[in-house]
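Try each task yourself before reading on.

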Amino acid sequence: MSPLLLLILSLLPAAEYRLPFDGRWFVMHGGDTLNVNHHMSLRPQWFGVDFAKVGGESGRELARGGAAAIEDFYSWDQPVLSPCAGEVIAVVDGLPDNPLGVKDAENPAGNHVVVKAGEDRYVFLAHFRMGSITVKVGQRIAPGEVLGQCGNSGHSDFPHIHMHIQNSPQFNTGQGQNPLFSDMDVELSGKRFENVTWPVIRGLFVEPHRK
């Protein structure tokens with residue numbers, strides 16, 4: 001991807017979304033360059049984000065104990081919330097959750113939900129726990145509505161929430177879009193920023209702002 005194209009994309013207006021969860025999570029991948037976001041290698045997933053819940057005494061741990069199983073991760077079975085208002089246009093809910101060390105390359109999104117948030121704005125949320133999705137195709141949803149539970153289906157290293165926005169309803173086609181997340185609290189290099197609207201980048205700790 002050329003620097004000029006990235007500059008143009010960074011100047012385009014970005015739609016605002018709420019974080020697709022409650023509580024404190026870590027941005028595993030996010031941003032507009034490959035060194036902070038592996039999704040930038042796939043045009044439809046440009047600006048895609050991977051979130052993982054953190055906990056423990058430090059509030060920075062991804063899993064309990066030795067992280068020997070997917071159930072040890074704080075993300076596992078956490079509610080996944082709609083980041084926007086819109087219409088559900090696709091649901092996949094029958095794929096198994098992978099044990100650690102195994103990925104399903106044939107079904108990269110795993111169990112997932114696609115929400116049409118506007119003209120040429122299709123929000124993909126992926127890696128749900130098998131059988132946990134609670135919404136149906138054609139259903140209108142509101143921001144913050146529960147879609148299902150976080151799992152480890154698809155091409156996933158460990159339980160986490162993947163989110164990206166395309167201008168096409170078909171997975172991995174079209175062009176990715178850069179989201180802004182609003183009403184959130186952010187921890188960056190030990191400093192806290194409250195009730196901000198930002199794009200997110202790898203290394204941030206984020207949570208919805210409590211009003």
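**Exercise 1. Is phenylalanine 51 buried or exposed?**

Step 1. Phenylalanine 51 has a relative accessible area of 0%, so it is buried. Here buried means under 20% relative accessible area, exposed means over 50%, and partly exposed lies in between, with a 1.4 Å probe and protein chains only.

Step 2. Before going further, note what kind of model this is. It is a predicted model, in which local features need pLDDT of at least 70 and side-chain atom pairs count only at pLDDT 80 or more, while totals for chains, interfaces and linings use all residues. Residues are numbered from 1 along each chain as its sequence is written, and side-chain values use heavy atoms, leaving out hydrogens and water.

**Exercise 2. How many aromatic pairs does the structure hold, and what geometry do phenylalanine 21 and phenylalanine 51 adopt?**

Step 1. A pair of aromatic rings is described by the distance of the centres and the angle of the planes. Rings of Phe, Tyr and Trp (its six-membered ring) pair if their centres lie within 6.5 Å; planes under 30 degrees apart are stacked, over 60 edge-to-face, and the rest tilted.

Step 2. Seven aromatic pairs are found in the structure. Phenylalanine 21 and phenylalanine 51 have ring centres 5.0 Å apart and planes at 70°, so this pair is edge-to-face.

Step 3. Strands are DSSP runs of E with at least two residues, and helices are runs of H or I with at least four, numbered from the N terminus.

Step 4. Phenylalanine 21 is buried as well, at 0% relative accessibility. Now compare the geometry with phenylalanine 124 and phenylalanine 171: their centres are 6.0 Å apart and their planes at 50°, so that pair is tilted. It ties together parts 47 residues apart in sequence, because phenylalanine 124 lies in strand β7 and phenylalanine 171 in the loop between β10 and β11 (176-177). Phenylalanine 124 counts as buried at 3%, whereas phenylalanine 171 is partly exposed at 27%.

Step 5. Finally, ring pairs join Phe21, Trp25, Phe51 and Phe181 into a cluster.

**Exercise 3. Why is β10 described as largely enclosed by the rest of the structure?**

Step 1. Count the burial: six of the six residues of β10 are buried, so the rest of the structure largely encloses this strand.

Step 2. Check the faces. In a regular strand the side chains alternate between the two faces of the sheet. On one side of β10, Ile161, Met163 and Ile165 are buried, and on the other His162, His164 and Gln166 are buried too.

Step 3. Look for partners; two strands pair if DSSP finds at least two bridges between them. β3 runs antiparallel to β10 and is joined to it by three bridges. β7 is also antiparallel to β10, over five bridges, and β11 pairs with β10 in the antiparallel sense over two.

Step 4. Pick out facing residues. Methionine 163 has valine 49 opposite it, and leucine 125 stands opposite methionine 163 too. Glutamine 166 stands opposite glycine 176 in β11.

**Exercise 4. Which residue forms a salt bridge with glutamate 187, and which residues make up a salt-bridge network?**

Step 1. Side chains of opposite charge can pair when their charged atoms come close. The cut-off is a side-chain nitrogen of Lys or Arg within 4 Å of a carboxyl oxygen of Asp or Glu. Eight salt bridges turn up in the structure.

Step 2. The partner of glutamate 187 is arginine 60, with the closest N and O atoms 2.4 Å apart. This pair links distant parts of the chain, 127 residues apart: glutamate 187 in strand β12 (residues 180-188) and arginine 60 in the loop between β3 (49-53) and β4 (79-81). Glutamate 187 is buried at 14%, while arginine 60 is partly exposed at 44%.

Step 3. The network links Asp185, Arg192, Glu194 and Glu207. Within it, arginine 192 bridges to aspartate 185 with N and O 3.1 Å apart at the closest. Arginine 192 is partly exposed at 44%, and aspartate 185 is buried at 5%.
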